[in-house]
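Reader: Hi! Could you walk me through this one? I'd like to go piece by piece.

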Amino acid sequence: MSEILEQISTAVIEGEVEEMVDLTEDALGDDISAEDILNKGLMAGMDYVGVEFKAGNVFVPEVLRSARAMQESMSVLKPLLEESGVQMLGKVLLGTVKGDLHDIGKNLVGMMCEGAGFEVKDLGKDIAPEAFADAVKEFEPDVLGMSALLTTTMRVMETTINVLEEAGVRDKVKVMIGGAPVTQAFSDQIGADGYASNAASAAELAKQMVGRA
Amino acid sequence: MRTNYRVNSGVRFRMLSKDQLRELYWGVLHVLEYTGLEVHHDEARDVLKKAGAWVDGLRVRIPSYLVRRSLKMAPRSFTIFARDGNPRHDIHIGPGRAHFGPGPTCPNFADIETLERRPYVKADVPQVAKIVDALPNIDFCESLGTVSDVHHDLGALYEFAGMFPNTSKPIVAWSYDRHDSAGIHEIAVAEAGGQEAFERRPNYVHYCEPLSPLVSTYEALEKLLFAAKHRIPLIFTPCPIAGGTAPVTAAGIITMAAAESWMGLTVAQAIQPGLPYIMGGVLSVMDMSAMILAYGAPELSLMMAGITELAHYAGLPLWQTGGCTDSKTFDAQAMIEGSMSVFFSALSGGDLTHDVGYTESGMTGSVFQLAAMDEAIGYSRRITRGIEVNEDTLAVDAIHNVGPNGHYLREPHTRRHFKSEFWLPNLHDRRNFEEWDMMGRTTMKGRTVAWVREILATHQPSAIKSETEKVIQKVLEAGEDRVKDQ
Ligand code: B12
């Protein structure tokens with residue numbers, strides 16, 4: 001691997017947010033393709049961070065800083081990648097369902113998905129089913145993630161899925177759900193496409209859903 | 001007579017100096033005055049504006065004089081009364097007194113027969129209340145669960161209706177909305193003998209939760225307004241998570257949580273001057289690997305002790321937290337985490353310590369954890385009761401009488417004092433090996449389970465008035481009627 005790609009992946013691992021743009025431009029100046037910078041530099045770094053996080057050697061704030069570093073570089077790479085027709089990982093739309101105000105878990109899921117290479121749009125909390133459906137039409141995500149922390153609001157996930165159905169967009173997205181009281185059995189019962197019990201596995205699940213795990 | 005003699009009448013610890021407390025106190029006032037909070041309730045914003053706060057859209061900033069005046073208006077000492085007049089079930093809130101009780105609304109429950117985790121159901125409510133009623137060191141009642149087998153909007157109502165007849169210890173009641181609060185209040189007032197009688201001898205406390213960071217939500221304020229207007233003692237408690245929804249530092253999370261709670265205080269005192277108000281805050285850390293709010297972390301005890309000291313400095317009682325664990329089962333971790341936080345709560349004199357019996361970070365309620373913690377509370381209370389020093393306890397005469405080479409077994413001094421000086425264990429086993437072996441080598445877990453089941457088989461709480469029973473029926477029917485089309 002070229003030295004600059006190595007530097008980029010190290011900078012991601014170390015979370016050197018300020019250096020990312022310069023490093024990325026240097027790499028492009030060396031005639032390395034945007035795609036290679038993404039896959040062999042940024043993602044190589046993030047993969048390492050993911051493994052270390054699972055092993056308990058790296059912690060959430062460090063993972064999020066690495067994800068931020070990657071975002072910096074992506075701001076340079078994204079137009080180039082789009083131009084050259086490279087398939088991006090995809091888009092994730094997120095929100096906490098209507099009536100529910102718990103949001104820190106959902107925020108973590110969003111940041112972990114960004115770290116995995118997704119483009120993420122977060123609608124916030126207390127989101128009505130119709131608002132989810134409208135956002136699906138507008139943002140055209142590959143994956144819709146819903147969060148609920150209350151047994152009373154869990155059932156709003158089902159309502160939301162029905163509203164997606166009525167709006168004719170249910171088959172345009174994969175639906176993943178989560179939140180402390182949610183289970184795989186509940187996900188199966190309401191016809192969601194998947195469930196994950198924490199933010200790291202949510203990002204994994206999203207990757208599986210777009211066929212890139 | 002002893003003059004100029006200083007008496008330490010119990011063991012307490014002090015973590016923060018006066019200077020540090022002053023710094024925290026003014027930090028909170030600064031946040032309220034310069035940053036302010038979002039207040040998602042029209043009426044509450046009006047109340048605040050009339051009282052002298054600056055309202056700018058949803059954002060409300062409160063000048064420090066107004067917060068300080070509200071702090072002065074709230075009492076430091078008051079009593080929550082047992083519904084049946086049993087004085088031993090009254091809770092006297094005041095300096096130096098720590099009280100304990102379970103927590104609310106876990107989705108799951110550790111089944112009393114199988115000990116397995118399963119959804120919490122209506123039939124669990126009376127059982128928990130009965131156990132609370134019988135446990136000698138548990139002072140107030142919450143249900144440890146959200147009732148899952150009734151209409152989803154009626155969980156809080158059925159919960160109160162199930163607790164009230166089954167314990168005369170004061171209940172800390174939560175609710176989803178104003179309808180629940182009204183139903184609950186109707187039941188409590190019926191038993192008290194009318195609104196005025198209730199105001200003189202309140203028999204329950206109302207609990208609501210604002211959102212961190214810095215939001216007073218519509219739901220929380222609806223309930224606060226209801227409680228304030230009906231002069232129901234009130235807990236207003238945020239649940240910030242250090243490093244997640246709050247600053248990562250202990251001083252930072254304490255400052256923010258206090259600001260969130262004092263916003264509620266200011267609204268409440270503007271409506272009902274002198275309303276008994278219990279400052280809140282469940283403060284702990286986000287585990288940066290497991291991504292949970294840790295109920296068994298040492299930082300929980302530390303932060304809770306800090307906010308307790310701040311509350312007391314400002315002249316308010318505090319809604320403490322302890323006796324809880326992140327463990328999924330009745331094991332050594334559960335006992336270490338639960339006991340340590342119970343002891344810390346007792347040491348810091350937190351006025352009402354809740355969440356005793358929470359396991360799995362608040363996801364599963366356990367009466368076994370609760371009963372084991374009853375033992376830990378007794379143990380802690382013996383320590384915080386301290387050492388009494390006077391002519392009699394000094395035992396100079398007894399020492400003289402026995403002299404060298406004697407023994408104290410038959411001394412009147414021993415007989416007179418051993419029952420108050422020594423704590424009598426209930427669940428702990430201190431027998432020698434042979435006896436323990438003969439009695440079937442029981443474990444703490446086995447003894448706790450047996451005790452809980454024995455209580456359920458034998459304990460009879462005092463009954464409520466028959467009129468109140470009718471009111472309960474009426475309130476539940478009205479509730480069912482309200483939700484029948486939803
Ligand atoms: C903090 C907290 C609050 C805060 C929330 C502040 C905020 N900004 O989020 C406040 C104080 C506002 C609050 C309010 C209430 N709460 Co609350 N709260 C909690 C608490 C203690 C921690 C939640 C948390 O943040 N955990 C940390 C995060 C990181 O974990 P997480 O959210 O579970 O997310 C992880 C996974 O679940 C997953 N995940 C999350 N979302 C998603 C989405 C997708 C797509 C995927 C794949 C994965 C995924 O990944 C995340 C990271 O690993 C829980 C207890 C608990 N153990 O969960 C109770 C809890 C959820 N609350 C509860 C209750 C009852 C309430 C109230 C009704 C209380 C009341 N009477 O006022 C209100 C309801 C307000 C409302 N309308 O929503 C109950 C729920 C019980 C039930 N039967 O449903 C719980 C279990 C506590 C309890 N035992 O009483 N609460």
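Author: Happy to. One term before we start: a salt bridge here is a side-chain nitrogen of Lys or Arg within 4 Å of a carboxyl oxygen of Asp or Glu. By that rule the count comes to 25 salt bridges over all chains. Please keep in mind that this is a predicted model.

Reader: Thanks! How many of those salt bridges are across the interface of chain A and chain B?

Author: Zero, by this rule. What the interface does have is two residue pairs in polar contact, both at pLDDT 80 or more.

Reader: Which elements of chain A give two or more residues to the side that touches chain B?

Author: Those are α4 (60-83), α5 (104-116), α7 (151-166) and α9 (199-209) of chain A. The residues on that side of chain A divide into twelve nonpolar, three polar and two charged.

Reader: And how much area do the two chains bury between them?

Author: About 1300 Å², with 77% of it on carbon and sulfur atoms. On the chain A side, A:L101, A:I104 and A:T152 lose the most area to chain B, and together they make up 33% of what that side buries. In terms of contacts, 17 residues of chain A meet 15 residues of chain B.

Reader: Nice. Changing topic: which protein donor does the cobalt atom of the ligand have?

Author: A single one, the NE2 atom of A:H102, 2.3 Å away. A:H102 sits in the loop between β1 (91-96) and α5 of chain A.

Reader: Back to salt bridges. What does A:D193 pair with?

Author: The side chain of A:D193 meets that of A:R170, at 3.0 Å from N to O. This pair links distant parts of the chain, 23 residues apart: A:D193 is in the loop between α8 (184-190) and β5 (194-195) of chain A, and A:R170 is in the loop between α7 and β4 (174-178) of chain A.

Reader: Are those two buried or exposed, or something in between?

Author: They fall in separate classes. A:D193 has 37% relative accessibility, so A:D193 counts as partly exposed. A:R170 counts as buried because its relative accessibility is 12%.

Reader: What about chain B, where does B:R381 find its partner?

Author: B:R381 forms a salt bridge with B:D139, and the closest N and O atoms are 2.8 Å apart. The two are 242 residues apart: B:R381 is in helix α12 (residues 367-385) of chain B, while B:D139 is in the loop between α4 (124-134) and α5 (155-163) of chain B. B:R381 is partly exposed at 24% relative accessibility, and B:D139 is buried at 15%.

Reader: And B:R382, what does that one meet?

Author: The side chain of B:R382 meets that of B:E421 in a salt bridge, at 4.0 Å from N to O. B:E421 lies in helix α15 (residues 412-421) of chain B and B:R382 in helix α12 of chain B, so the pair ties together parts that are 39 residues apart in sequence. B:E421 is partly exposed, with a relative accessible area of 33%, whereas B:R382 is buried, at 16%.

Reader: Okay, now the backbone. Where is there a cis peptide bond?

Author: Between B:S212 and B:P213, with omega about -5°. B:P213 lies in the loop between β10 (204-208) and β11 (215-216) of chain B.

Reader: Which residues have a positive phi without being glycine?

Author: A:E140 is one of them, with phi about 50°, and B:S361 is another, with phi near 55°. A:E140 is in the loop between α6 (129-139) and β3 (143-147) of chain A, and B:S361 is in the loop between β18 (358-359) and β19 (364-365) of chain B.

Terms used
Residues numbered from 1 in each chain as written. Chains lettered and ligands numbered in written order. Predicted model: local features only at pLDDT ≥ 70, side-chain atom pairs only at ≥ 80, totals over all residues. Heavy atoms only, no water. Contact = heavy atoms within 4.5 Å. Buried area = accessible area lost by both parts, 1.4 Å probe. Polar contact = N/O pair within 3.5 Å; in protein donor to acceptor, adjacent residues only side chain to side chain. Helix = DSSP H or I, 4+ residues; strand = E, 2+ residues; numbered from the N terminus. Nonpolar A, V, L, I, M, F, W, Y, C, P; charged D, E, K, R; others polar. Donors = N, O, S within 2.8 Å, 3.2 Å for Na, K, Ca; no water. Buried < 20%, exposed > 50% of the residue type's maximum accessible area, 1.4 Å probe, protein only.
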